[in-house]
Every structure is written in structure tokens, then in C-alpha cells.
Amino acid sequence: MTKNEQNEQNEQKIIWHYTNFRAFCSILEEGHLWLCNTKGMNDKNEMLAFIYQVEELLKVRHPRFSKQIHEFFKKEISRHQHKSIYGSSFSYLVNDAAQWERYGYSGKGVSLGFNLDLL
């Protein structure tokens, strides 16, 4: 394995959480991360887009059950649409411009690295 391949592999064991300094201080003081209600996210359709991608992948893998898969996802989305869903945003990129803009206080915040092996 080359040094570059080894570096890439090591980098992929870390995920990055971008945030502002106020939240960073809270993380240090309290010792935990807070999740956000996805209804308050800057892109409210982000979670739905993910769900639709999973549905499409399942349909591609199991074309015989395409209709049943669609009905299942339709029912589940309808059943949960009024519930609060919480999540947090992470990136495999140590310097992700979109994450800096949205969550890292327009580049004036911090990015915290988390070792996936320890999580």
C-alpha cells in the first residue's frame, strides 16, 4: 500500500462535524453533541431526499418488488411526516466548503474530527 493510499484510508476513519464556536464550547463543557430537529434544517427536504434514494436503490436491486417497495415507503413517510426526527451532519471531508458554509459559521467556526473506530 502506498503512502497516499494509507493516508486516504486513515482519513476515512474520521468523520467531521462542522459547527460554530458557541456550539463547540457547549460540546466541550457538556461532553455531548446535540441533535437538530430536521424540521428546522436549512434544507428540510434533505432527509426525504435520502429516503427516496434508499427507495430507488431497493427498486433497482429488487425490480420484481418495485410496486411493493414504493407502497411501503409511501406508507412509512405518511405515517412519520408529523413526527420530529433528529439528526446531525457529518462529512468525510476535512475541509468541506458546503459544510463550512452551512454549519461552520461561514468558515469562522470549527470542524471536529471523530474517529469512527471509537464511535
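Me: Ala, Val, Leu, Ile, Met, Phe, Trp, Tyr, Cys and Pro count as nonpolar, Asp, Glu, Lys and Arg as charged, and the others, Gly among them, as polar. How do the residues lining the second largest pocket divide?

Reply: Six are nonpolar, four polar and four charged. Mind you, this is a predicted model, where local features need pLDDT of at least 70, side-chain atom pairs count only at pLDDT 80 or more, and totals for chains, interfaces and linings use all residues. Numbering runs from 1 along each chain as its sequence is written, and side-chain values use heavy atoms, with hydrogens and water left out.

Me: What makes something a pocket, and what makes a residue part of its lining?

Reply: On a 1 Å grid over the protein atoms alone, a pocket is an open set of points with protein on both sides within 12 Å along at least five of seven lines; lining residues have an atom within 4 Å of a point. For the second largest pocket, 14 residues pass, with Leu 48, Ile 51, His 80, Gln 81 and Ile 85 closest to its centre.

Me: Which helix gives the largest share of that lining?

Reply: Helix 4, with four residues. Helix 4 spans 66-80, and a helix here is a DSSP run of H or I, at least four residues, numbered from the N terminus.

Me: Why is Tyr 52 called partly exposed?

Reply: Buried means under 20% relative accessible area and exposed over 50%, with partly exposed in between (1.4 Å probe, protein chains only). Tyr 52 has 40%, so partly exposed is the label. Tyr 52 sits in helix 3, residues 46-61.

Definitions and conventions
Helix = DSSP H or I, 4+ residues; strand = E, 2+ residues; numbered from the N terminus. 1 Å grid on protein atoms, 1.4 Å probe; cavity = no way out; pocket = protein on both sides within 12 Å on 5 of 7 lines; lining within 4 Å.
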